[in-house]
There are 2 protein chains.
Amino acid sequence: MQAPSANRRFVLVRRPQGMPVADDFRLEEAPVPEPGDGQFVVRHLFLGMQPAARIRMSELPSYEPPTPIGGVPYAQTVGVVVASRHPGFAPGDHVASDGGWQTQSLSDGARAVRLDDRIRPLSAALGCLGASGLTGYVGLLDIGRPEPGSAVVVSAAAGAVGSVAGQIARIRGCRTVGIAGGPRKCRHVVEELGFDACVDHQAPDFEASLRDACPDGVDVYFDNVGGRVRDAVWFLLNDHARVVLCGLISEYNAEVPQPGPSWRQALVRRITVQGFLVRDHARRRDAFLDDMLGWIGDGRLRYREDVSVGLEQAPAAFAGMLGGRNLGKTLVSI
Amino acid sequence: MQAPSANRRFVLVRRPQGMPVADDFRLEEAPVPEPGDGQFVVRHLFLGMQPAARIRMSELPSYEPPTPIGGVPYAQTVGVVVASRHPGFAPGDHVASDGGWQTQSLSDGARAVRLDDRIRPLSAALGCLGASGLTGYVGLLDIGRPEPGSAVVVSAAAGAVGSVAGQIARIRGCRTVGIAGGPRKCRHVVEELGFDACVDHQAPDFEASLRDACPDGVDVYFDNVGGRVRDAVWFLLNDHARVVLCGLISEYNAEVPQPGPSWRQALVRRITVQGFLVRDHARRRDAFLDDMLGWIGDGRLRYREDVSVGLEQAPAAFAGMLGGRNLGKTLVSI
């Protein structure tokens with residue numbers, strides 16, 4: 001596979017106010033990167049969109065420095081090595097890395113993983129067999145730690161992380177309730193993903209429907225969204241409930257930190273809230289891949305991809321995901 | 001020891017609005033209780049005041065039903081059995097139970113503990129050798145789980161729970177910073193209790209002083225107070241910090257649940273917040289007593305009692321504690 005003559009890339013031209021819009025980014029051409037010693041060049045096949053990338057477009061403190069103005073927005077990528085002066089990566093290797101919104105990227109290997117040959121299609125390395133899937137797996141099993149029979153609620157249940165977390169809960173014998181936006185997603189969550197129920201947070205009777213769907217309260221809440229959805233689950237939590245704080249999609253567009261729910265409930269119910277990032281749990285990757293390939297192979301776990309075609313779709317795909325228009329993992333194929 | 005001819009008791013005549021005042025309670029005489037089958041009567045020697053008892057004076061949901069109007073306000077008590085038809089408790093036994101704001105109470109033994117003979121003075125069974133001490137012990141060691149060298153912050157550090165939690169942190173080799181109200185308490189926390197530093201939350205430069213006192217951030221925060229003190233610590237927490245949610249003194253007088261801090265910080269720092277109640281940890285009592293008696297015996301752990309004399313002082317002692325006027329355990333001697 002030959003590298004094209006130019007690298008096409010988006011750069012951030014200003015900090016988005018609220019939902020990102022097209023004019024926050026500029027598409028430009030740049031020279032094809034040349035690998036230095038210990039580096040290699042990846043030609044991207046897919047970009048994987050993650051809600052948390054929105055945090056880096058702002059200047060609020062986070063676990064990573066903000067994307068600078070003029071910098072390439074963050075995305076995980078899957079691609080093929082086209083040139084290498086790195087001993088661990090050879091031309092033709094398939095790798096997952098964080099190459100960003102561009103057609104090619106330079107890597108020193110520090111955040112790159114050569115793909116396990118069992119990962120097919122390659123795009124799954126960005127979704128259910130990649131960081132999104134590992135996030136759902138670690139979050140549910142290691143942070144949430146439900147017992148068989150536990151009442152588990154998952155928000156953004158039709159998304160890349162929530163769909164994996166909820167299906168694993170179902171496989172582990174939990175009563176599993178999803179929360180998603182709109183009837184199409186809710187049907188998908190129940191009929192295709194096998195959740196026991198799914199509640200539409202856009203419906204006017206959301207709070208009452210959620211209560212009805214959780215007649216015995218909630219033991220584990222896997223939260224991807226924060227905000228009013230989280231606040232509705234908060235008062236259904238049982239004694240000793242565990243909250244897996246995985247994401248806060250509903251708050252990423254805010255310019256200032258949003259208040260959380262009252263701690264009085266956490267005290268009287270002895271609730272544990274635990275924030276986590278998948279990067280701290282890379283040692284679980286082998287067990288994760290073995291389990292996931294098994295579950296996918298025997299039909300117990302399903303996934304969807306929401307693919308836009310062409311790099312120029314990146315801003316719209318990203319905003320669509322933040323607005324909840326995706327079903328499954330949001331990808332851009334290059 | 002002879003039971004007196006009447007039981008003197010306070011009853012709740014209305015739900016306090018904000019800080020409890022004298023007119024929220026009425027002192028009255030009632031007949032001396034008669035033990036039925038499986039019951040016994042305790043003559044109280046001390047009442048132990050706990051901030052969380054304020055929750056039961058409101059109608060907000062909690063782990064216990066509210067004290068009814070006309071009911072006796074909650075307090076733990078230490079006393080002597082004066083009459084018994086219970087096989088496990090004999091006249092003359094010293095017991096800790098939750099007898100409330102009165103001179104005598106009836107018990108079926110379910111929430112009563114016969115005191116270990118090593119507990120002297122008896123009042124310590126309500127403070128550092130009782131529920132308050134066990135709360136500090138379990139909260140710090142089992143929930144907070146600091147390592148030697150961890151940076152530990154304890155709010156209400158001069159109180160019955162905080163003083164124990166912080167001294168155990170110091171004994172375990174942590175760098176220990178207290179937060180307390182006013183220079184007298186702060187001096188006590190450093191000079192008598194041996195904390196490395198103590199920051200006055202009433203001082204105008206509280207936030208800056210706290211930052212200065214925690215140059216390497218905070219690994220474990222033992223929170224007794226909630227509110228603005230908690231919010232100041234929140235943004236000093238390190239990656240993987242643990243918050244021991246033990247109490248919310250600053251919020252108990254509020255009529256509606258108060259918002260908590262933003263979860264964005266908990267996500268990017270991978271923070272765990274865990275609410276706990278000491279009643280879930282009774283199995284730790286033996287190890288606790290052994291450790292505490294050892295530490296007190298060799299002078300490594302100290303405690304103070306803030307004793308008011310006479311049942312009629314109960315409302316003022318309770319309000320004084322909620323207002324932060326106590327040093328150590330707030331007791332009423334009968």
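Okay, some ground rules. This is a predicted model, so local features need pLDDT of at least 70 and side-chain atom pairs count only at pLDDT 80 or more, while totals for chains, interfaces and linings use all residues. Residues are numbered from 1 along each chain as its sequence is written, chains are lettered from A and ligands numbered from 1 in the order in which they are written, and side-chain values use heavy atoms, with hydrogens and water left out.

Let's begin with the two chains. How does chain B superpose on chain A? It takes a rotation of 180° with 0.0 Å of shift along the axis, and the RMSD is 0.0 Å. Contact here means heavy atoms within 4.5 Å.

Now, helices. Helices are DSSP runs of H or I with at least four residues, strands are runs of E with at least two, and both are numbered from the N terminus. Two packed helices are described by the angle between their axes and the distance between the axes. Axes are lines fitted to C-alpha atoms, for helices over the stretch in contact, and angles run from 0 to 180 degrees between N-to-C directions.

In chain B, look at α2 (residues 131-144) and α8 (residues 285-297): they pack at about 100°, with their axes 10 Å apart. That makes α2(B) roughly perpendicular to α8(B), a label for angles of 65 to 115 degrees. Who is touching whom? On the α2(B) side you have G133(B), L134(B) and Y137(B), and they meet R285(B), A287(B), F288(B), D291(B) and W295(B) of α8(B). By class, that contact has 5 nonpolar, 1 polar and 2 charged residues. For the classes, Ala, Val, Leu, Ile, Met, Phe, Trp, Tyr, Cys and Pro are nonpolar, Asp, Glu, Lys and Arg are charged, and the others, Gly among them, are polar.

The cut-offs are under 20% relative accessible area for buried, over 50% for exposed and partly exposed in between, with a 1.4 Å probe and protein chains only. Not counting residues up to four places away in sequence, T135(A) touches V161(A), F222(A), C246(A), F276(A) and V278(A).

Also in chain A, helix α6 (residues 227-234) has 6 of its 8 residues buried, so it is largely enclosed by the rest of the structure. Among those buried residues are V229(A), R230(A) and W234(A).

Next, aromatic rings. Rings of Phe, Tyr and Trp (its six-membered ring) pair if their centres lie within 6.5 Å; planes under 30 degrees apart are stacked, over 60 edge-to-face and the rest tilted. How many aromatic pairs are there over all chains? The count comes to 14. One of them joins Y137(A) and F288(A), edge-to-face at 5.5 Å centre to centre, with 70° between the planes. Y137(A) and F288(A) are buried.

Then there's F25(B) with W101(B), a tilted pair at 4.8 Å centre to centre and 45° between the planes. F25(B) sits in strand β2 and W101(B) in the loop between β5 and β6, so the pair ties together parts 76 residues apart in sequence. Both F25(B) and W101(B) are buried. In chain A, F10(A), F25(A), W101(A) and F318(A) form one aromatic cluster.

Last stop, the backbone. Most residues other than glycine have a negative phi, and most peptide bonds are trans. Now look at R120(A) to P121(A): that peptide bond is cis, with omega near -5°. P121(A) lies in the loop between β7 and α2 of chain A. In chain B, the bond from R120(B) to P121(B) is cis, with omega near -5°.

And A156(A), which is not a glycine, has a positive phi of about 50°. You'll find A156(A) in the loop between β8 and α3 of chain A. A156(A) is partly exposed, with a relative accessible area of 22%.

Terms used: Angles under 35 degrees count as roughly parallel, over 145 as roughly antiparallel, 65 to 115 as roughly perpendicular and the rest as oblique. Copies are superposed by least squares on the C-alpha atoms of residues with pLDDT of at least 70 in both.
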